[in-house]
Amino acid sequence: MLLAPFLLGIPTFTEAAPQPPEGMVWIPPGKFIMGLEGPSNKTPHRVYLDGFFIDKFEVVQKDYKRLRGANPSKFSGENHPVDQANWYEAKGYCAKLGKRLPTEAEWEKAARGGTHSLYFWGEDMNPKYAWFDDNSEDRTHPVGTRQPNAYGVYDTSGNVWEWVADWYEKKYYERSPAKNPQGPATGEEKGLRGGSWYSGARHVTTATRYWSDPYVRNSNFGFRCAKDAPRK
């Protein structure tokens, strides 16, 4: 079931949005419900986020190689998402562009596109929106070849899991700040969101959380960057 914007705390008035940098979209400020009923690691809770920019697409191999001088990916393709980059490399790539990894809350708000359903498109799996184990043929695919959400963000379900900035803690949602949560101060594993080409339908939902040692390289793992809004 899709909830009305006022029930989610999304402003119903129109604000002038800042011009996004090339390849990014604007995610407006406001409240949303993060998480979903189910296992304890995604307890629903209301969160307010300042506005921010996020990449339309997962970072692709041609751009990663141009900036970093190498391509660590298992699955070759200029417009395929870079895979096998660890968290520190993902963070470094974004920093070189004056960007950063999104927080887990930012990632989920951007992925939801204003919805609170199981997937951003509704309650039932639909392969036209995601590359996952039923249609991926056991590999990544070029970004932007599935349908986007209402914000114009692509591939937030499937293709590759995406690193986020936060340390992972299973019960963090039960104590996280109501405004601009940044994740735990310390930890051993970093969060990943969105599922991948290898994931089943239940692991590419908008609320699904995953985690890994930040040094791990995996052909399931990629990322996209975020950027702060300009100061007024």
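# Salt bridges, sheet and aromatic pairs

In this predicted model, both Glu108 and Arg193 are buried. They belong to a network of salt bridges with shared partners, whose members are Glu104, Glu108, Arg112, Arg193 and Arg209. Between Glu108 and Arg193, the closest N and O atoms are 2.8 Å apart, and the two residues form a salt bridge. This pair connects distant parts of the chain: Glu108 belongs to helix H4 (residues 104-112), Arg193 to strand E6 (residues 190-193), and 85 residues separate them.

Glu104, another member of the network, is also placed in helix H4. Its relative accessibility is 3%, so Glu104 counts as buried. Apart from neighbours within four places in sequence, Glu104 is in contact with Met34, Val164, Asp166, Tyr173, Arg193 and Arg209. Two of these contacts, Arg193 and Arg209, are also named in the salt-bridge network. Cys94 lies 10 residues from Glu104 along the chain, and the C-alpha atoms of the two are separated by 16 Å.

## Other salt bridges

The structure holds 11 salt bridges. In one of them, the side chains of Glu89 and Arg217 meet with an N to O distance of 2.5 Å. This pair also links distant parts of the chain, 128 residues apart: Glu89 is in helix H3 (residues 87-96), whereas Arg217 is in the loop between strand E7 (209-212) and strand E8 (221-222).

Ser176 is located in the loop between strand E5 (161-167) and E6. With residues up to four places away in sequence left out, Ser176 touches His45 and Pro181.

Four strands make up an open sheet with mixed pairing, in the order E7-E6-E5-E8. E7 and E8 are the edge strands, each pairing on one side only. E5 and E8 run parallel and are joined by 2 bridges. Glu162 stands opposite Gly222, a residue of E8. Helix H4 packs on this sheet and touches E5, E6 and E7; the direction of H4 makes about 140° with that of E5.

## Aromatic rings

A pair of aromatic rings is described by the distance of the centres and the angle of the planes. The count of aromatic pairs comes to 18. The rings of Tyr64 and Tyr93 are stacked, because their centres are 5.4 Å apart and their planes stand at 15°. Tyr64 lies in helix H2 (residues 61-68) and Tyr93 in helix H3, so this pair ties together parts 29 residues apart in sequence.

What is the arrangement of the rings of Phe75 and Trp197? Their centres are 5.2 Å apart and their planes are at 85°, so the pair is edge-to-face. Phe75 lies in the loop between H2 and H3, and Trp197 in the loop between E6 and E7, so the parts tied together are 122 residues apart in sequence.

Trp161, Trp163, Tyr168, Tyr210, Trp211 and Phe221 form one aromatic cluster.

Charged groups also sit over rings. The charged end of Arg146 is over the ring of Trp131, 3.9 Å from the ring centre. Lys190 lies over the face of Trp167, with 3.8 Å to the ring centre.

## Accessibility of selected residues

| Residue | Relative accessibility | Class |
|---|---|---|
| Tyr64 | 4% | buried |
| Tyr93 | 6% | buried |
| Phe75 | 7% | buried |
| Trp197 | 7% | buried |
| Ser176 | 15% | buried |

Key. Residues are numbered from 1 along each chain as its sequence is written. This is a predicted model: local features need pLDDT of at least 70, side-chain atom pairs count only at pLDDT 80 or more; totals for chains, interfaces and linings use all residues. Side-chain values use heavy atoms; hydrogens and water are left out. A salt bridge is a side-chain nitrogen of Lys or Arg within 4 Å of a carboxyl oxygen of Asp or Glu. Buried means under 20% relative accessible area, exposed over 50%, partly exposed in between (1.4 Å probe, protein chains only). Contact means heavy atoms within 4.5 Å. Two strands pair if DSSP finds at least two bridges between them. Axes are lines fitted to C-alpha atoms, for helices over the stretch in contact, and angles run from 0 to 180 degrees between N-to-C directions. Rings of Phe, Tyr and Trp (its six-membered ring) pair if their centres lie within 6.5 Å; planes under 30 degrees apart count as stacked, over 60 as edge-to-face and the rest as tilted. A charge sits over a ring if NZ of Lys or CZ of Arg is within 6 Å of the ring centre and within 35 degrees of the ring normal.
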